Amino acid sequence: MGPLIHLVRHAQAVHNLTVLNHGMHDPALTPHGENQCLELQSKFPYHESIDLLVCSPLQRTIQTTLLAFEPELSRGVQCIALPEVQETSDLPCDTGSNVATLKEKFKNKPVDLSLLSEDWDSKTGRWAPQQEAIERRCRDARKWLKTRDGKAIVVVTHGGLLHYLTEDWAGCEIVPGSAGTGWENTEFRSYRFVDGDDQNASMEETAESRQRRGDEDKPLTKEERTQMRETVTTT
């Protein structure tokens, strides 16, 4: 069955303030974003059950993880930066820093950067912003997560990437102030892996998670999600 996965969108970063900031390279959280992390820490109900923290290696996602999930880190839960869950586009704001820079920025911080290759931030080849490459990375990320030990994992990532990771396009480009995503900053949802789907390692949102965020609509079928994906990614 695999572990329970709690997916989290990062807190507000400088590029979220205006599209004029999308030219900033790997922006940090705003002061409001830091406060959002503290709010998330106080309202997240599953701290005691988390066995692993995973985050995109961009600065804003690492910062969100370190601030919002300090209770886990304080009891020795490992935090791993996973390049497969970096944001989708090749805009400067969605492009990470090189390994040497990250090691310096987060020196003495409890984040494991050992899975980062030297080209992880290149936005070419495996890391390209094209749909096929993004879907491949997300499939590999799901498979990797499914084989982790433990009962529950937190993954802190990005609004655009979350639609590919969950294969769920509902709400995409609808939420005001969240261009390109149906996820608010620091929103979290919980997922289980679909039984018998080892090849794609698809996930489904839990009923508890849907109820928590007030989604009373009937979940879309696989065919309906595929149709929505085609609509969103071709328009």
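Which residue is the bridge partner of Tyr191 in β6? I looked this up and found Glu205.

**Entry 1: ground rules**

I note that this is a predicted model, in which local features need pLDDT of at least 70 and side-chain atom pairs count only at pLDDT 80 or more, while totals for chains, interfaces and linings use all residues. Residues are numbered from 1 along each chain as its sequence is written, and side-chain values use heavy atoms, with hydrogens and water left out.

**Entry 2: strands**

I take helices (H or I, at least four residues) and strands (E, at least two) as DSSP runs, numbered from the N terminus. Two strands pair if DSSP finds at least two bridges between them. I see β5 and strand β6 (residues 203–205) paired in the antiparallel sense over three bridges. β1 and β5 also pair in the antiparallel sense, over four bridges. The bridge partner of Ile5 in β5 is Tyr191, and Tyr191 in turn has Glu205 as its bridge partner in β6.

I then checked burial (buried is under 20% relative accessible area, exposed over 50%, partly exposed in between, with a 1.4 Å probe and protein chains only). In β5, five of the six residues are buried, and I record the strand as mostly covered.

**Entry 3: nonpolar cores**

I searched for nonpolar cores, meaning sets of buried Ala, Val, Leu, Ile, Met, Phe, Trp, Tyr and Cys residues joined through side-chain atoms within 4.5 Å. The largest has 33 residues, of which Phe44, Leu53, Ile62, Phe69, Val111 and Val154 touch the most other members. At least two residues of this core come from each of β1 (4–9), α1 (31–43), β2 (52–55), α2 (59–68), β3 (79–81), α4 (99–105) and β4 (152–157). A second, separate core holds 25 residues, including Ile153, Tyr164, Leu165 and Tyr191. In soluble globular proteins, nonpolar side chains tend to be buried together.

Val111 is in contact with Cys55, Ile62, Cys79, Ala81 and Phe106, leaving aside neighbours within four places in sequence.

**Entry 4: rings**

How many aromatic pairs does a search of the whole structure find? I get four. Rings of Phe, Tyr and Trp (its six-membered ring) pair if their centres lie within 6.5 Å; planes under 30 degrees apart count as stacked, over 60 as edge-to-face and the rest as tilted.

Phe44 and Phe69 are edge-to-face, at 5.2 Å centre to centre and 85° between the planes. Phe44 is in the loop between α1 and β2 and Phe69 in the loop between α2 and α3 (70–74), so this pair ties together parts 25 residues apart in sequence. Why does Phe44 count as buried? Its relative accessibility is 3%. Phe69 is buried too, with a relative accessible area of 0%.

Phe44 also pairs with Phe188: the ring centres are 5.2 Å apart and the planes are at 70°, so I log this pair as edge-to-face. The link is between distant parts of the chain, with Phe44 in its loop and Phe188 in strand β5 (residues 188–193), 144 residues apart. Ring pairs join Phe44, Tyr46, Phe69 and Phe188 into a cluster.

I looked for charges over rings (NZ of Lys or CZ of Arg within 6 Å of the ring centre and within 35 degrees of the ring normal). Arg189 lies over the face of Trp183, at 4.0 Å from the ring centre. Arg126 lies over the face of Trp127, at 5.2 Å from the ring centre.

**Entry 5: salt bridges**

My search of the whole structure finds nine salt bridges, each a side-chain nitrogen of Lys or Arg within 4 Å of a carboxyl oxygen of Asp or Glu. Side chains of opposite charge can pair when their charged atoms come close.

Arg60 and Asp94 meet at 2.8 Å, N to O. Arg60 is in helix α2 and Asp94 in the loop between β3 and α4, 34 residues apart. Arg60 is buried at 1% relative accessibility, and Asp94 is buried at 9%.

Arg126 and Asp140 form a salt bridge at 3.0 Å, N to O. Arg126 is in the loop between α4 and α5 (131–146) and Asp140 in helix α5, 14 residues apart. Arg126 is partly exposed at 32% relative accessibility, as is Asp140 at 28%. Glu84, Arg126 and Asp140 are linked in a network of salt bridges.

Glu205, the β6 partner of Tyr191, forms a salt bridge with Arg213 at 2.7 Å, N to O. Glu205 is buried at 13% relative accessibility, whereas Arg213 is partly exposed at 31%.

Methods
Contact means heavy atoms within 4.5 Å.
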